[in-house]
Amino acid sequence: IRIRHEQGETAGDIFKTLASGKQQHLKNLESAWLKHEKEKGLAEKTIDQMKSDVSLLYDPFPTANMLTTKNIEVFLIYLGTTGNLTRSSIRRISGSCRNFYKYLQRIKEVSPDLPNPFVVPDDFKISDKPNSKAKYKTEPWQPFEPEDVEYLFACATMKGDIQLSDLILIGAYTGARIEEICSIRTVDVDLKKFTFKITDSKTEAGKRLIPIHSKLKDRIEVLVKESEDEFLISGLSENKYGDRSNAIG
């Protein structure tokens, strides 16, 4: 009663809900949710970002019963208009929270029959589809033209950034992703068959054997011979997630 009088009915209702044991504080459900996500095979970097996004809920919405469609719409609009967040950030936060809400439904903290309230408000919807009704449109990502690649390669070479020039060269003649190239070990390179293996890919289907283009042959041989750490592109540092491409990317 005193809480209702001093802080208003909402605070009193939250206290009553927590004290009765009908619902838990959302923060207390975080560790179990993150464990569930890890078991699904999500990358540590992705899980860390989702954790950061969902933590925004804990102060304004301590319990799951407060996660109503209207409350969440106001919450997302508030973040977008006063939090200096981009529309892309609002979409990401909404996606992370949708995931968390599905977990709450899974453990029956909220009814599985309730609609997921985490829907991006119209003012923050972005689409690259020409027929989309989204207020904001983005142009599809455009690849570099061949002359752009040649220019970037020449600039890296003139600057003396050998690691970057090697990365651009290998990428141009393989089509492999940056982190895939930076993760290639010398043992993955077969100089007799002129192939190398991609073993660190975003998807299982991405693990593949790539032929070494004739324009790459001489440079690959040098990189294998001169490697100081068993990686094809030697001397790159890892970030906390074990990615070697973070700085060079």
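Predicted model: local features only at pLDDT ≥ 70, side-chain atom pairs only at ≥ 80, totals over all residues.

Colleague: Which residues are buried in helix α4?

Modeller: In α4 (residues 44–54), I47, M50, D53 and V54 are buried, meaning under 20% relative accessible area with a 1.4 Å probe, protein chains only. Helices here are DSSP runs of H or I, at least four residues, and strands are runs of E, at least two.

Colleague: Why are they on the same side of α4?

Modeller: Because they cover an arc of only 120° around the axis, taken from the directions from the helix axis to the C-beta atoms.

Colleague: And what covers them?

Modeller: The cover includes α3 (30–39) and α6 (87–106).

Colleague: OK, cores. Which residues touch the most other members of the largest one?

Modeller: L26, L57, L67 and L104, out of 28 residues. A nonpolar core is a set of buried Ala, Val, Leu, Ile, Met, Phe, Trp, Tyr and Cys residues joined through side-chain atoms within 4.5 Å.

Colleague: Which helix gives the most to this core?

Modeller: α6, with seven residues.

Colleague: New topic: what is the strand order in the open sheet?

Modeller: β3-β4-β5, with antiparallel pairing; strands pair if DSSP finds at least two bridges between them. The edge strands are β3 (189–190) and β5 (208–211).

Colleague: What stands opposite V189?

Modeller: F196 in β4.

Key: Residues numbered from 1 in each chain as written. Heavy atoms only, no water. Buried < 20%, exposed > 50% of the residue type's maximum accessible area, 1.4 Å probe, protein only. Contact = heavy atoms within 4.5 Å.
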